[in-house]
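The tour goes stop by stop.

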Amino acid sequence: MPSLVAVELHTSPWHAHIACGLLVSEGVHAVVANEHHVWANWRLSQALGGVRVLVPAAQLEQAAAVLRARDCGAYGDALCQAFGDAPPGCRSCGGRELTYVRDPVARSVAFVMTLVFGVSFAPAIIGTTCRACGTRIRAAH
Ligand SMILES: [Zn+2]
């Protein structure tokens, strides 16, 4: 039985499953571990060490390379090419590092819902901000 090692940790099971799906699609035998206690109580995710994406030790380098390519935007660029879209970037300077801007009211509601009911959700994204020049781009609706 091959030994499994963690290639990535996530606070949310859905992000771990997305990473796992990418690895599997690239031929890595990846699995998600420790997700059920986080599904039961998301607030404990950090305390319990998060949700792990495990791969066989022999495939660790291959898995890390796939995840590095993901982080550098290689898969996003391939999708843009396949569908004829321009890659996401700043319209002012062409910078590729954008951060999401979330609705402040929805952020407050999400915070209260998490504290009071233990239910979390991602607040709506209303735009992006370029890390290089600070230009703010509103999301198209
Ligand atoms: Zn910019």
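Which residues is Cys-20 in contact with, leaving aside its neighbours within four places in sequence? Select Cys-20 and look: Ala-30, Val-31, Val-32 and Val-53. Contact here means C-beta atoms, placed from the backbone, within 7 Å.

A note before moving on. This is a predicted model: local features need pLDDT of at least 70, side-chain atom pairs count only at pLDDT 80 or more, and totals for chains, interfaces and linings use all residues. Numbering starts from 1 along each chain as its sequence is written.

Now zoom out to the protein chain. Colour by secondary structure: five helices and six strands. Their order from the N terminus is β-α-β-α-β-α-α-β-α-β-β. Helices (H or I, at least four residues) and strands (E, at least two) are DSSP runs, numbered from the N terminus. The C-alpha trace spans about 50 × 45 × 25 Å along its principal axes.

Next, select the largest nonpolar core, with 15 residues. Such a core is a set of buried Ala, Val, Leu, Ile, Met, Phe, Trp, Tyr and Cys residues joined through C-beta atoms within 7 Å. Buried means 20 or more other C-beta atoms within 10 Å of a residue's own. Cys-20, Leu-23, Ala-30, Val-53, Val-55 and Ala-63 touch the most other members. Show α1 (13-25), β3 (51-56) and α3: these elements give two or more residues each to this core.

Last stop: α3, residues 60-71. Then step to Gly-73, which follows α3 and has a positive phi, near 90°.

Notes
The expected span of a helix is 1.5 Å times one less than its number of residues. A residue is buried if 20 or more other C-beta atoms lie within 10 Å of its own, exposed if 12 or fewer, and partly exposed in between; C-beta atoms are placed from the backbone. Two residues are in contact if their C-beta atoms, placed from the backbone, lie within 7 Å.
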